[in-house]
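Please read this briefing with the sequence and the 3D view side by side.

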Amino acid sequence: MFASPAFLTRPRAALWLVGGAWVVATVAALWVEAAALRGAAMLGLAAVLGLVAWSTRHAWWTHRSLKRAQHARWRMEAEVFNHAREGIVISDPLGRIVDVNAAFERLCGHPRDQLVGRSFHGLDSGQHPPAFFEHQWAELQATGTWQGEVWSRHAGGHLYATQQTITAVRDAEGRVTQFVSLISDITRLKEQEQRLEHNAHHDALTGLPNRALLADRLRQALALATRRGMRLAVAYLDLDGFKAVNDTHGHEVGDRLLVGLAGRMQQVLREGDTLARLGGDEFVVVLQDLPDAAALEPLLIQLLWAASVPYDVGALTLQVSASLGVTLYPQDEEVDCDQLLRQADQAMYAAKLQGKNRFVVFDNERDREMRGHIANVEGLRQALGRHEMVLHYQPQVNLRTGHVVGLEALVRWQHPERGLLAPAEFLPALQDHPLECSLGQWVLESVIAQRAAWANEGLNLPISVNISARHLQQPNFIDQVEHILRSHPQVSASDLVLEVLESSALEDLLGVSRTMTDGAQRGFRFALDDFGAGYASLTYLRRLPVAKLKIDQSFVRNLLDDPDDLAILQGIVGLAQAFGREVVAEGVETEAHGSALLWLGCEVGQGFGIAHPMPAEAVVDWVQQWRAPRAWWTNAPD
């Protein structure tokens with residue numbers, strides 16, 4: 001009744017209780033006179049004294065247990081502090097270090113006695129601006145906590161990265177008494193991030209910037225050139241002969257050569273210039289701070305030299321060269337990074353065409369022509385898809401007998417706006433372009449289908465088809481033609497005469513000869529078109545299995561007026577007869593031309609003097625109505 005259990009657990013309160021009980025018992029004994037009452041009072045006093053003694057002992061044991069628990073908690077906290085893997089730093093409200101654990105000593109390289117009393121920011125690496133720590137302190141004051149990444153400097157001098165969480169500790173009145181910082185070492189993680197970042201922006205083989213980093217640096221270089229009022233150049237570099245190195249010695253040797261040449265080219269560049277690898281043997285160079293275009297040439301010569309000097313790979317000494325295309329910035333028109341790269345790429349291809357191991361500066365006029373060429377090619381692609389291409393046929397006749405002996409298929413473009421276009425107006429745009437093969441395939445399919453339709457009408461004439469060298473050199477060219485023929489059993493291989501320009505055939509004599517030989521063995525016949533206008537040679541004629549020689553029309557047209565052309569025609573006809581080849585003269589425009597050809601011994605001709613090219617539906621009627629001029633068969637030699 002004198003105290004609550006909490007009160008009884010306090011030793012000082014128990015002593016007060018004992019004293020108070022004794023006083024009460026004494027007073028009670030003095031006032032009670034009767035012996036019986038005095039005895040009862042003494043019993044009460046004894047009970048009170050017993051209760052007091054029990055409470056005192058209980059309070060003492062409770063106090064002792066609490067102290068033991070508190071000491072155990074302190075020991076546990078000390079163990080955690082000293083054995084934690086993360087660094088722990090305790091600092092006062094002003095940021096001075098009060099204590100650190102062993103993990104932080106190992107992390108920073110400083111012993112505890114050198115750290116206590118120092119400012120926590122005294123370990124700054126110099127990697128962060130003052131505003132970084134000002135923001136950190138402001139956030140701590142406002143919220144009582146801060147978290148982020150911090151670079152610090154180890155006692156040995158190297159940098160290390162940490163993830164830090166700082167928390168303010170406050171007393172009962174809310175005042176900050178200390179700051180506790182938990183610090184984790186994330187150096188390896190940051191190094192891994194840096195490696196990933198490097199790999200994302202650098203070529204894995206050479207270590208040079210890749211396409212992504214090149215784009216970023218080129219944007220910065222354009223902005224800098226504009227601010228400084230200076231020029232810059234973008235050079236597109238492609239190695240000449242590198243494919244042969246790979247094919248001959250393998251990709252490992254080729255890779256080592258690429259690494260060596262990349263290092264050598266890097267050495268000849270100036271500080272601030274960028275050399276990037278786009279892939280394969282293609283590189284791009286960004287040359288900055290050029291006072292004028294003249295300052296560019298020495299740098300390009302150095303790059304060509306670096307690429308062409310022999311390079312040793314093990315026991316091998318390898319040598320390649322480079323073709324460089326260059327464009328300058330700024331230009332008269334606004335251009336962006338992609339346009340500059342395309343311009344440099346176009347100029348590089350021009351350098352290839354001009355003989356390699358050289359540089360060519362991009363020309364805007366040539367670019368406009370190229371863009372027009374590309375537009376023409378795209379227009380032809382769409383025309384082919386819209387079925388705007390048509391075939392006309394020009395007869396070939398025997399001048400002596402007047403018989404029609406064949407037809408030549410000639411492609412036309414039925415343009416929706418410009419009308420019917422002759423081959424000279426669109427075919428040059430397709431030269432050496434993949435679409436050339438697509439058009440050639442369409443011509444073959446159309447000619448064979450038309451030949452089958454004429455066979456059903458009783459017209460059986462061989463048809464000559466012009467084949468581009470690119471189309472002829474396709475690995476499966478003869479197989480493709482045979483595949484078309486299988487769909488039209490009325491037409492055989494001998495019903496086709498495949499014409500190839502003399503000049504283009506001689507560009508790859510071995511490949512063309514191989515294809516012609518394969519085709520001849522399967523029944524196809526071949527002709528050399530525009531014979532005499534190229535590089536006519538007895539050796540070439542002997543090696544190419546051609547059945548016909550078609551004399552270029554330029555010689556035939558001037559036959560009557562130019563003695564030199566007459567002499568050339570005599571030579572070609574004699575050559576054809578000597579090799580057992582049939583000869584066909586193009587450009588027969590008048591009766592006089594036909595008579596002169598007969599006198600020379602050339603019996604087959606075609607030209608406007610016989611018939612203009614005509615649509616397929618007009619051919620049958622024309623063949624039935626054709627009659628040769630009387631002068632030809634009456635004046636023909638016996």
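Predicted model: local features only at pLDDT ≥ 70, side-chain atom pairs only at ≥ 80, totals over all residues.

The phi angle of asparagine 357 is near 50°, which is a positive value in a residue other than glycine.

**Backbone details**

- As background, most residues other than glycine have a negative phi, and most peptide bonds are trans.
- Aspartate 289 also has a positive phi, near 55°, although it is a residue other than glycine, and its place is in strand E8.
- Is aspartate 289 buried, partly exposed or exposed? With a relative accessibility of 32%, aspartate 289 counts as partly exposed.
- The peptide bond that leads from tyrosine 329 to proline 330 is cis, and its omega is near 5°.
- Proline 330 itself is found in the loop that lies between E11 and helix H12, the helix of residues 337-353.

**The sheet with mixed pairing**

- As background, the strands of a sheet pair through backbone hydrogen bonds, and they do so either parallel or antiparallel.
- An open sheet is formed by 5 strands in the order E7-E8-E6-E11-E12, and its pairing is mixed.
- Which strands stand at the edges of this sheet? The edge strands are E7 (274-279) and E12 (358-361), each of which pairs on one side only.
- From one strand to the next, the twist of this sheet averages 20°.
- Strand E7 pairs with strand E8 (residues 282-290) in the antiparallel sense, over 5 bridges, and within this pair alanine 276 has valine 284 in E8 as its bridge partner.
- Helix H10 packs on the sheet and touches E6, E7 and E8, while its direction makes about 155° with that of E7.
- Helix H8 (residues 211-228) lies across E6 (231-240), E7, E8 and E11 (321-329), and it runs at about 20° to E8.

**Helices H9 and H10**

- Helix H9 (residues 242-249) packs against helix H10 (residues 251-268) at an angle of about 140°, and the axes of the two helices are 7 Å apart.
- That angle makes H9 oblique to H10.
- On the side of H9, the contact is made by Phe242, Val245, Asn246 and His249, and on the side of H10 by His251, Val253, Gly254, Leu257 and Leu258.
- How many residues of the contact of H9 with H10 are nonpolar, polar or charged? There are 5 nonpolar and 4 polar residues, and no charged ones.

**The sheet with antiparallel pairing**

- Another open sheet of 5 strands has the order E2-E1-E5-E4-E3, and here the pairing is antiparallel.
- Strand E2 (97-100) and strand E3 stand at the edges with a single partner strand each, so one side of each is left without a neighbour in the sheet.
- Neighbouring strands of this sheet are turned by 25° against each other on average, when direction is ignored.
- Helix H6 (residues 130-143) packs on the sheet, where it touches E3, E4 and E5, and its direction makes about 155° with that of E3.
- Strand E3 (residues 145-153) and strand E4 (residues 159-170) run antiparallel and are joined by 9 bridges.
- Within this pair, threonine 145 stands opposite threonine 167 in E4, and arginine 153 stands opposite leucine 159 in E4.
- Strands E3 and E4 form a hairpin with 5 residues between them, and glycine 157 in the turn has a positive phi of about 105°.
- Strand E4 also pairs with strand E5 (residues 176-185) in the antiparallel sense over 9 bridges, and here alanine 168 has phenylalanine 179 in E5 as its bridge partner.
- Strands E4 and E5 likewise form a hairpin with 5 residues between them, and glycine 174 in the turn has a positive phi of about 90°.

**Cysteines**

- As background, a disulfide is a covalent bond between the sulfur atoms of two cysteines.
- The structure holds 0 disulfides.
- Cysteine 337 is buried, because its relative accessible area of 13% is under 20%.
- Cysteine 602 is buried as well, with a relative accessible area of 0%.

Methods: Residues numbered from 1 in each chain as written. Heavy atoms only, no water. Axes fitted to C-alpha atoms, helices over the stretch in contact; angles between N-to-C directions. Helix = DSSP H or I, 4+ residues; strand = E, 2+ residues; numbered from the N terminus. Parallel < 35°, antiparallel > 145°, perpendicular 65-115°, else oblique. Contact = heavy atoms within 4.5 Å. Nonpolar A, V, L, I, M, F, W, Y, C, P; charged D, E, K, R; others polar. Pairing = 2+ DSSP bridges. Disulfide = S-S within 2.5 Å. Buried < 20%, exposed > 50% of the residue type's maximum accessible area, 1.4 Å probe, protein only.
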